[in-house]
Amino acid sequence: MNRRLLWPLLALAALLLLNLVANPSFFALRLQDGHLFGSLVDVLRNGAPTLLIALGMTLVIATRGIDLSVGAVVAIAGAVTCTHIAGGGGALSGMLLALALCAVLGLWNGFLVSVLGIQPIIATLVLMTAGRGIAMLVTEGQIITVDDPAFREIGAGFLFLPVSILISLAALAATALVTRRTALGMLIESVGVNPEASRLAGVRSRTIIWTVYVFAALCAGVAGLMISSNVSAADANNAGLWIEMDAILAVVIGGTSLAGGRYSLTGTLLGALVIQTLTTTIYTIGVPPEVTLVFKAIVVIAVCLLQAPALSRVFARREAVAA
Amino acid sequence: MTTVLEPQLPVKAGPGAPSRFLPVIATFVVFVLTFGAGSVAYEGFASGQVVANLFIDNAFLIVLAVGMTFVILTGGIDLSVGSVIALSTMIAAAALRAGWPPVVVVVAVLATGSLLGFLMGMVIHKFGVQPFIVTLAGMFLARGLCFVISVESISIKDKAFRSLATATIELPGGVTITPPVVIALVVVAVAAYVLHLTRFGRTVYAVGGSEASARLMGLRTGQVKVGVYVISGFCSSLAGLLFALYMLSGYSLHGVGMELDAIAAVVVGGSLLSGGVGFVVGSVAGVLVLGTVQTVISFQGTLSSWWTKIVIGGLLLAFIVLQRLIVRRGGS
């Protein structure tokens, strides 16, 4: 068992146990019209956009970067698609348009980081600040509501399981396959350890950094489509607000270090599940939903302290003594 | 210890102004240009009162940016400041409603902010967790505590607070300012003194330049690393009090996203996010630039407020690229 996955796994187990005690119906699943329903499915469904964004974030963080702009990209993707559909365009062309734009935004972030050499946190802060303004510009400050059955599918549709879950899991599986079955994952990690040394060793650091930012923006774009499709509307102000924080949390809880160089996709999946289960648990056990943030803060601090170098040194010493 | 008096930069001083002053000078130039453009385009823009209003409307942001400057100079970041503002307004409003004397309320608010900063600083220093994550948790915690106090907005009815909020100070020339402006300027002066004329300030620059070297030189890096978060926490709670005076209410959703405004002001003001380079005065200029952009857009009237965000994003980019060029030219 991977040591790094132990804590998030324990946290998830503890949360599920709490639910089992407090509210046994949490685990009830029922089949209706060939669709699976239940609290667990809801957890997955609400967590799907976060998982998708955290997936992109994992690879960015593995290169020792960070992408603060994903929340703004979520808003832009929803705004572009809904405006396009509301203007008489098709759902598919609207989504493709939005994703193309997201790819451009990813290229922009990648350009700032890899070519101009600006720190990732500040490079992506630019788009984080300006992005919501751009989304507002697209929607002209309105909340654009659309009614398009094809567009509804991506966020609210069902294929036995909610479509959004299937999309996120497929993206996870594809990413795992591509990065772990080819050398790509290792190259990403080597860039995270030392971009300059990797470049000297013949790794195309710049291209790799560019790739991860485009990937993160595309993930955020798809998540944005899910979020706006789920409510059939684009809200430039609130769509994806703070989702970058949740995504970063998911990655960190999953054991990926913000210092780059090593990442775990399974950890990110667990991290996203922990965050979403926590949120759902708080709703179901009747704590006012506003207090969620306090619990989140406690979990973050707890997990970070458990993973902190200072504490693991203490553990390592104890084990050495015991052995 | 006189050798660490000046912040060290990997930059050779070119002819004319030393290049470490360049970003700050550039910020002032941008401020003058934006303000000049506003004066040319709009009647009544170029008045002393418009300048005074920049300070009145942004007094809390100035205080916030001062605290953030300390943290950023050490190479850290504090994401909790916006939430601490909200928490401060909530504590102030709730305590005043409960009948606490205003002085006690002020002390309680400032103590809470400083304590939160201290706790975050300790976690960052003792456990080596990244500031980004710790202050993110602080952000969630402070925002969550607001909701615990009350979900509703609480208005401030206390007489002392109300009279302080509506008080004005007349300057020569018929320009009026408010008490928060005076407080903000005092904070700036104290911060500039601490940063440039005390051992603590020199160590802040040293830690930002290279923490390992600073430690090897025998500087108290731990004390300073915790200290800057206490300062930032104190400044955010003070800014929260000023914001409470400005809005005359406590509300959990006050100051959403204000941490980004503060970071943007510091960056536009010429500080490097990697630490070690920057001036408090620059951050104040950064706040003034952001404030002027907002004023221009509100004078224009036809432009919507979301243009503010796009322009600020553009300014951020321009300054980052500028700094990049300066550092690169100096480094080669």
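I began with the contact between the chains of this predicted model, and across the interface of chain A and chain B I found zero salt bridges by the rule.

The largest share, twelve residues, comes from H5(A). When I sorted the side of chain A that touches chain B by residue type, I got 35 nonpolar, five polar and five charged residues.

For the extent of the interface, I recorded that the contact takes 45 residues from chain A and 41 residues from chain B. The two chains bury about 3,600 Å² between them, and 85% of this lies on carbon and sulfur atoms.

I then turned to a helix pair within chain A, where helix H8 (residues 184–193) and helix H10 (residues 205–231) pack at an angle of about 105°, with their axes 10 Å apart. Because angles of 65 to 115 degrees count as roughly perpendicular, I describe H8(A) and H10(A) as roughly perpendicular to each other. I listed Leu187(A), Ile188(A) and Val191(A) as the contact residues of H8(A), and Ser205(A), Ile208(A), Ile209(A) and Val212(A) as those of H10(A). The residues of this contact between H8(A) and H10(A) divide into six nonpolar, one polar and no charged.

Key
Residues are numbered from 1 along each chain as its sequence is written. Chains are lettered from A and ligands numbered from 1 in the order in which they are written. This is a predicted model: local features need pLDDT of at least 70, side-chain atom pairs count only at pLDDT 80 or more; totals for chains, interfaces and linings use all residues. Side-chain values use heavy atoms; hydrogens and water are left out. Contact means heavy atoms within 4.5 Å. Buried area is the accessible area (1.4 Å probe) that two parts lose on being put together, summed over both. A salt bridge is a side-chain nitrogen of Lys or Arg within 4 Å of a carboxyl oxygen of Asp or Glu. Helices (H or I, at least four residues) and strands (E, at least two) are DSSP runs, numbered from the N terminus. Ala, Val, Leu, Ile, Met, Phe, Trp, Tyr, Cys and Pro count as nonpolar, Asp, Glu, Lys and Arg as charged, and the others, Gly among them, as polar. Axes are lines fitted to C-alpha atoms, for helices over the stretch in contact, and angles run from 0 to 180 degrees between N-to-C directions. Angles under 35 degrees count as roughly parallel, over 145 as roughly antiparallel, 65 to 115 as roughly perpendicular and the rest as oblique.
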